[in-house]
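Visitor: I keep hearing labels for bits of a protein, and I'd like to know where they come from. Can we look at one together and check each label against its definition?

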Amino acid sequence: MTRTLPSLARYAALLVAAVLTLGPVWWTFTTSLRPAAESFSLPPSLFPLDPDFSSYVAVFEQIRVPLLVLNSGLVTAVIAVGQMLTAAMAGYVFARMEFRGKNALFAIVLSTMMVPAQVTIVPVFMLIRGMGLSDTLLALIIPAIPTAFGTFLMRQYFLGLPLDLGEAAALDGASPWRTFFSIYAPLALPGMAIVGVLAFNFHWNEFFRPLIFMISEQNYTLPLGLVTLQGNLGTGSISVVLAGVVLSMIPAVVVFLFGQRYLREGLTAGASK
Amino acid sequence: MTTDSRSGAVLRWLFLAPTMLGVGVFVLVPIVGSLALAFFRWDIITSPQFVGLRNFTELATDSTVAVSFLNTAVFVVVAVAAQLAIAMLLAVLVQSRMPAWLRVFFRSTFFFPLVLSAASVSILMKYLFNESYGVINWALSLVGIPAVPWLTSPQWAMVVVIAVYVWQNFGFSFLLFVGGLAAVPQEIYEAGAIDGATGWRRFQHLTLPLVSPTVLVASVMAIISALQVFDQPYVLTRGGPGDSTRTVVMVIYESAFRQLEFGRASAIGLVLMVLIMLVTAAQFRLARRFVFYQ
């Protein structure tokens, strides 16, 4: 068969790319299971034959892991739920209701997607200070709940739902509230899941805003904690820092496994429609 | 007015309120605020001082700012080109004939780095690229290449920052390309095969034009996000050695929150925003010539 050789090359290329993609993560995991004293030694460990969990214990001693997880979890969860609700509400109005100025309002919301956070960060910082919220978790939460991208996604989602369901309900005398809450909101749950998973992924990993807003260590989120863990140790032990990195990855991996489909749909939806 | 349409109006404004209020307070007002602040010198502590255009004119003569724009330009060009090329190559390979489970495996693998935080990724990469005990130099030593000072030499530091960024982000373009390729009708390839289009020619004359709308979207998104790079250079190099990996956003951060020069930070932010708008507009103009809609 003449096709065999090119397809071999194809698999070889894909395999190399897969090893390069997963390799660093695998190395992180196996090195975190090495005794701290051996963390620098080469060749790198490929298989955790004799796992040593002392680095994980050390992480808990050096940084306040439960507090960091609690802070990150709280911030991420409130933002995710807040975005799901507000995006669904605004998206529904933009998709399903007619009123004067609707297109202009929607255009304003859309255009804010293109403004980089760094351009507005200084005035937002001052607003937060003015509201007396600096160095509180609310400083991260409140500005992140209104979501232009989420609103856009939910509008697209509602546009894809059948129109006649709502019309039939209205003919039967259902109020706009009932039409929304008993017909469209339940149907929109998969779309809201997309918004929620995207928000989770982004804000669990967020670094720039927490770095600016959080001053006291008791308000640090996990990415900030990891960077300080690395700073505290200098080059003392890689294993301990990498154990921290692995711990921080666990929720991301869980979301990846369960929310993969939603994440993928959310990330590509902006591009295809 | 019937009670129904009145309750409809209440629902409408109540449902819109959180989003419109949020967008207004946390995006629109801050843009105006940034514009105003850019004309002042202000350190938050003492009262602001009007300086006219000085924040802008000083940017032109500030060598750190100039270097940061140059670094960002180099970063964007190289990182985006690499990201799109790698993503396209892998998307074409994954979409060719193979068992379904294998395709799912590769797709998930290339998508995986996207879910990790840039801070974690940068920390682990910092160890992999360490000059004396890093795995990368160890692997190179096996084939006789002497240790490379990856993060401590100005030339290599930018290479590492780009490599780490591309490693984490190529999956995004990859996902878009996989979607674009899946939408290409198979008959076109069959017709092309009759005309003898195979391999590179097939890719150049059939595949690429057919997915060109996706390429446009992927490149617009990749450029916008690359122009805002911060996490990777901050964690990997803190902008150094020297200023070799200092990006525009790092200078905004340092001006505002390290040196307390809020006016200057606002001015740089505005220049960055205008740049993003110009680049995006230029891309859509170029697209008129190169993007082919079926």
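Visitor: Where is Arg238(B) found?

Guide: Arg238(B) lies in the loop between α11 and α12 of chain B. Those helix names follow a rule: helices (H or I, at least four residues) and strands (E, at least two) are DSSP runs, numbered from the N terminus.

Visitor: And why is Arg238(B) called partly exposed?

Guide: Buried means under 20% relative accessible area, exposed over 50%, and partly exposed in between (1.4 Å probe, protein chains only). Arg238(B) has 44%, so it is partly exposed. Arg238(B) also has a positive phi of about 55 degrees, although it is not a glycine.

Guide: Some ground rules: this is a predicted model, where local features need pLDDT of at least 70 and side-chain atom pairs count only at pLDDT 80 or more, while totals for chains, interfaces and linings use all residues. Residues are numbered from 1 along each chain as its sequence is written, chains are lettered from A and ligands numbered from 1 in the order in which they are written, and side-chain values use heavy atoms, with hydrogens and water left out.

Visitor: What makes the bond from Gly240(B) to Pro241(B) stand out in this tour?

Guide: That peptide bond is cis, with omega near -10 degrees. Pro241(B) sits in the loop between α11 (231-236) and α12 (248-257) of chain B.

Visitor: Is Ile44(B) buried or exposed, and how do you know?

Guide: Ile44(B) comes out at 15% relative accessibility, so it counts as buried. Ile44(B) is in the loop between β1 (40-41) and β2 (49-50) of chain B. Phi of Ile44(B) is near 75 degrees, a positive value in a residue other than glycine.

Visitor: Why is Gln186(B) called partly exposed?

Guide: Gln186(B) has 46%, and therefore gets the label partly exposed. You'll find Gln186(B) in helix α8 (residues 186-194) of chain B.

Visitor: What makes Ser120(B) count as buried?

Guide: Its relative accessible area is 2%, so Ser120(B) is buried. Ser120(B) is part of helix α5 (residues 118-128) of chain B. Leaving out residues up to four places away in sequence, Ser120(B) touches Leu226(A), Val245(A), Ser248(A) and Met249(A); contact means heavy atoms within 4.5 Å.

Visitor: Why is Gly150(A) called buried?

Guide: At 3% relative accessible area, Gly150(A) is buried. Gly150(A) lies in helix α7 (residues 148-159) of chain A. Apart from neighbours within four places in sequence, Gly150(A) is in contact with Ala87(A) and Val195(A).

Visitor: Why are α2(B) and α13(B) called roughly perpendicular?

Guide: Two packed helices are described by the angle between their axes and the distance between the axes. Axes are lines fitted to C-alpha atoms, for helices over the stretch in contact, and angles run from 0 to 180 degrees between N-to-C directions. Angles under 35 degrees count as roughly parallel, over 145 as roughly antiparallel, 65 to 115 as roughly perpendicular and the rest as oblique. The axes of α2 (residues 54-61) and α13 (residues 262-290) of chain B cross at roughly 75 degrees and come within 9 Å. So α2(B) and α13(B) are roughly perpendicular to each other. On the α2(B) side, the contact is made by Asn55(B), Phe56(B) and Leu59(B); the α13(B) residues include Gly263(B), Arg264(B) and Ala267(B).

Visitor: How do you know which parts of chain B carry the label "transmembrane region"?

Guide: That comes from an unreviewed UniProt entry, whose annotation covers several stretches of chain B, including 69-92 and 206-230. UniProt positions are given in the numbering used here, feature names are shortened, and annotations may be inferred rather than shown by experiment. Residues 69-92 of chain B are 100% helix and 0% strand, with end C-alpha atoms 34 Å apart. Residues 206-230 of chain B are 84% helix and 0% strand, with end C-alpha atoms 38 Å apart.
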